[in-house]
Amino acid sequence: MSATRVQLLSPRTLPLLSSGRVALFLQGGGGPHRGGVGPRFRSLTSPPLSCSSSSPGRALSSLSTTRRGLPKEKMSENGMMSRAKVLTIDTMNPTVKKVEYAVRGPIVQRAVELERELSEGMKKPFAEVIKANIGDAHAMGQQPITFFRQVLALCSYPELLSDSTFPEDAKSRACRILNSCGGNSMGAYSASQGIESVRQDVARYIERRDGGVPCDPDNIYLTTGASDGIVTMLKLLVCGEGAMRAGVMISIPQYPLYSAALAELSAVQINYYLNEEKCWSLDISELQRALDEARLYCNPRALCIINPGNPTGQVQSRECIEDVIRFAAKERLFLMADEVYQDNVYAEGCQFHSFKKVLFEMGPEYSETVELASFHSTSKCYMGECGFRGGYMEIINMDDDVKAQLTKLLSVRLCPPVPGQALMDLVVNPPQPGEPSYEHFIKERTTTLSALAEKAKLTEQVLNTVEGIRCNPVQGAMYSFPCITIPERAIQEAKELGQQPDMFYCMKMLEETGICLVPGSGFGQKEGTYHFRMTILPPTDKLKILLNNVKAFHQSFTQQYS
Amino acid sequence: MLKMAYSVRANIPLRCKWAGTTRCFLTSERLPTALQRTNFQRSSCSDCIGLRLVSNKGRKITDMSVLQEISSNVRNMKQLENSVLARRTTQIKEELRQGVRKSYKEVIDVSWGDPHKAGVKPLSFVRQVLAACLYPQLMDGDKLMVDVRQRAQRLLRACTGGSVGSYSATAGIPEIVQRVSEFIMRRDGGVPSHPENIYICPGSQWALTNILTVLVNPEASPRIGVLTPVPCHSTTVLSLTALGAVVVPYYLREESGWALEVEELQRALDSAKGVCNPLALYVINPGNPAGYVQSRKSVQEVIRFAAEKRLFLLADEVYQECVYREKTEFVSYKRALAEMGLPLSDRVELASFHTASKSLMGECGLRGGYVELVNLDPAVMKHVNSLFSTNACAPVLGQIALDVMMNPPQPGDPSYHLYMKETQHIRTSVAENVKRVDEVINSLPGFSCQLVEGGAFAFPRLFLPPKATKRAEEAGMQPDTFYCLRLLEEAGVLLSPGTDYGQKEGTYHIR
């Protein structure tokens, strides 16, 4: 109804719109985005001229004023109208300007546009856009685990507890969760650290996972997805000025959440390169090199590890983890272990080892001293429930005083979403043998994980048949990150467009095939090498088509530019 | 600085691989006292001429936390008095469970704005839609009303892959964002609202923190100031501190029903001179913890003030549906701004916040809120978008709660009758409670309470006898915390002390 009203009224605002507003920008330099010189016209007064325009920042219409005959505000004597905004590109927090998040970057925005164009009937060389850019299993058709959803439905609407079609174990699980919620409702705030019983279950899960290494529920913090935990920890440890500014070591390639958070916090990003030739393995000598160089200009405080790797899909060996722990102890670095893909291990001979477990098996010299935060989430593994924003972190050997500070920092978030906490609880405490839902649960989980393993292999195989694409085995996680050869002429053309060559490549692929990938430059890569990240999540038959399309595209692209 | 201590001797700059620094000038006198008591031993690092610390037992002191030094902004965040009370509450609850005799059977917690915790039942329609979205098999057959099924089906179609378990777009599920914008237009009498200016977030406070992150350059000199009401709920003040902003307090006038007066804003702004650079004005309407509702005129005055003083307006309007007095009306800042016309209406920058946590929904645990941004520079909007995108997306169930909140069942829908019954029940009991609070609290000696016009809280003033103040002082507590603790011990009622919200010096309140 309101939309019609706006349309009816819009002609009235047109004169207002066209009169524009001159901003003189008395303050600030005026960057190039302002068109350099002189006045800038703003069209914020009114509803958009063209309704399909999607330019952000449009603003209020004054139409209701004129319609209502309210007195117009007199312009103040000192000519307020000629002033710029309070919040401009020059006055805004400069660190936010550096925040980039490739996984949701320009290529994804273009993919959304293409989807809209397709739905509007525009002709494209493809029938649908396939978003292989993001690790979102359900978006690719993976089915949720029935038991999890049953319990959550019961928690949402407890009247269903009298419904005989729900299995008893789902009901008892739901009751248990509701009993630990304020007012027996998932709609109540929880403690900001998370529901106590959930934290206890998480602690028991970790103990089981780590072969009995003890875990204290007080060290568990439930979070809004793992990323919330990671960003919170970084916020806590970034401090210092100038050459004493905190530095944080991250792998290259990395998951862009890290670079974005570090940019926002204006922390120093210290890159260490994974060895692509050795299946993206981590060399201690490379860590040492990166650290020694960084110490000349910042104060390295933390070392981030993603295992299994994102975007690179490697699974760290036990020896390698031990080496990293020894390194962190020697160099007194806070360890941050991103272990959200801990159930996604596919390759023969590979096994997930948690940093916590290895740390404790190395004896008290390490287990009592090395500070570690480990992150997990409901978004990946076999459940893939990204939309719930559930996750936890476990914090080990942290100073009590610092813990108190962490609690304060978390309180600003009030609490993590309660359904996400409930789901986390189910993930760490799934149906047990003998319970009615057990068999079906195991079947669903196995089906999903073995399909992923098959797709990991398939992806590696097909991509490696393409000349100019070289792909390491996808040992774990959900992505392949192949190295691609881009012809010199294409690189030249990209440069002329001011684009990274792999962005140019991925954009072309999107326009021609509808496949949305993320260019390697969004994750970081050795200079002169180019990659893309592709998820292995589409259903097998679709993945086959997708891989063949990638292959065909690469061949024609190479031909076109050589 | 601490980490240097491990390797250093008096004033010799070191290059130590073991301690990892090239810039050490630390003497043992400057070591933290905890370390001064320990022995020193030669460093094992080959190129290091420094000292390695070992404890008396000969074990390496690496159990000193790497994180001894943390962000000063985080350290500066105030420790809430409420945490003392919360700890004690947990203990008392445990004591009650173990059968310790008290003059009460349970602790009544009225310190939080959490309807469900306080016993308000969730709305059936909301929860049925959620259940159906979570477990679509429920839609087979006719267990659920047809409008519930339709709503759930529509929402699932809007989710990628037809699952609430997939990520949504950064700003939220486009269809829901669209619905939020339609709600705002209806609310504001047709003032246009553009979906691309709306971001759904895990709660309104999250959205506020993001907008503040864009506004507050922590390195700025002078620092960035934000005008903030006193009293003000504690979360925002904590956020501001954590981001390195200066909180510039302006006092609401209690005697006039916690009125927001422009003269006071001016005074606050003047007080910031030489201290910080005030860039934004934060208003809470309806108030929290003080239950005032701003009149249209008052909103207009504030807007004019913000325009003149070039302040970015942050309007916390999460209690917009909680307005209780007959003659009081909620007027959104957006609407007032639009109605004031040019030049203000296309110039004053505004961020307005709302949530599914309050009012009839009360779904705090789902974490669904949004911000609408008005008149922002498009160049800035681009970065706002990048910042929000790093959060991935708001929890999808929270987004669904917002959808239902914006579009409750309509007359004629099968669920309408029950929905009306439930909401009417909530309305009536809240109205009764508001009345009772006015009557009872004001009838008590030592209390005076301004009319609660809106919001979820009463914030009565407490007149404490000097003896009580003295006892509190002896106990090392704020007088109102002391009062709350006694109330908790003796009556099992948990309130939160005015200290956490800020109050005029020498006055005491409770929320």
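Helices (H or I, at least four residues) and strands (E, at least two) are DSSP runs, numbered from the N terminus. This is a predicted model, in which local features need pLDDT of at least 70 and side-chain atom pairs count only at pLDDT 80 or more, while totals for chains, interfaces and linings use all residues. Residues are numbered from 1 along each chain as its sequence is written, chains are lettered from A and ligands numbered from 1 in the order in which they are written, and side-chain values use heavy atoms, with hydrogens and water left out.

View 1. Chain B holds 16 helices and 14 strands. Of its 511 residues, 62% are buried. Buried means under 20% relative accessible area, exposed over 50%, partly exposed in between (1.4 Å probe, protein chains only). Contacts count when heavy atoms lie within 4.5 Å. Among the contacts in chain B with a separation of 6 or more, 66% join residues 24 or more positions apart. An unreviewed UniProt entry lists "domain: Aminotransferase class I/classII large" at residues 142-502 of chain B. UniProt positions are given in the numbering used here, feature names are shortened, and annotations may be inferred rather than shown by experiment. Residues 142-502 of chain B are 42% helix and 14% strand, with end C-alpha atoms 53 Å apart.

View 2. Chain A has 19 helices and 16 strands. Buried residues make up 63% of its 562 residues. Residues 24 or more positions apart supply 70% of the chain A contacts with a separation of 6 or more. For chain A, an unreviewed UniProt entry places "domain: Aminotransferase class I/classII large" at residues 184-547. That span of chain A is 42% helix and 16% strand, and its end C-alpha atoms lie 49 Å apart.

**View 3. Confidence along chain A.** The pLDDT is the predictor's confidence in each residue, from 0 to 100. Chain A averages a pLDDT of 86, and 85% of the residues score at least 70. Residues 1-59 of chain A have a pLDDT below 50; this stretch makes 109 contacts in the model beyond near neighbours in sequence. Residues 61-82 of chain A are also below 50, with 55 contacts in the model beyond near neighbours in sequence. Where pLDDT is low, the predicted coordinates should not be read in detail.

**View 4. Helix H5 of chain B.** Helix H5 covers residues 146-158 of chain B. At 1.5 Å a residue, its 13 residues should span 18 Å, and the end C-alpha atoms are 18 Å apart, which agrees. The expected span is 1.5 Å times one less than the number of residues. Asp147(B), Val148(B), Arg151(B), Ala152(B), Leu155(B) and Leu156(B) are buried in H5(B). They cover an arc of only 165° around the axis, so they sit on the same side of H5(B). The arc is that of the directions from the helix axis to the C-beta atoms. Their cover includes helix H4 (124-134), helix H6 (174-187) and helix H13 (396-406) of chain B.

**View 5. Glu511(A) and Arg110(A).** These two side chains form a salt bridge, 2.6 Å from N to O. Glu511(A) lies in helix H18 (residues 501-513) of chain A and Arg110(A) in helix H4 (residues 106-119) of chain A, so the pair ties together parts 401 residues apart in sequence. A salt bridge is a side-chain nitrogen of Lys or Arg within 4 Å of a carboxyl oxygen of Asp or Glu. Glu511(A) is partly exposed at 30% relative accessible area. Arg110(A) is buried at 17%. By this rule there are 53 salt bridges over all chains.

**View 6. Arg295(A) and Glu331(A).** Here the salt bridge spans 2.8 Å, N to O. Arg295(A) sits in the loop between helix H10 (284-294) and strand E7 (299-306) of chain A, and Glu331(A) in helix H11 (residues 318-331) of chain A; the pair links distant parts of the chain, 36 residues apart. Both partners are buried: Arg295(A) has 6% relative accessibility, and Glu331(A) has 1%.

View 7. The closest N and O atoms of the Glu120(A)–Arg116(A) salt bridge are 3.6 Å apart. Glu120(A) is exposed at 56% relative accessible area, and Arg116(A) is partly exposed at 42%. A network of salt bridges links Arg318(A), Glu322(A), Asp323(A), Arg326(A), Lys357(A) and Glu361(A).

**View 8. Gln405(A).** Gln405(A) belongs to helix H14 (residues 400-411) of chain A. Gln405(A) is buried, with 8% relative accessible area. Leaving out residues up to four places away in sequence, Gln405(A) touches Leu236(A), Ile70(B), Val74(B) and Arg75(B).
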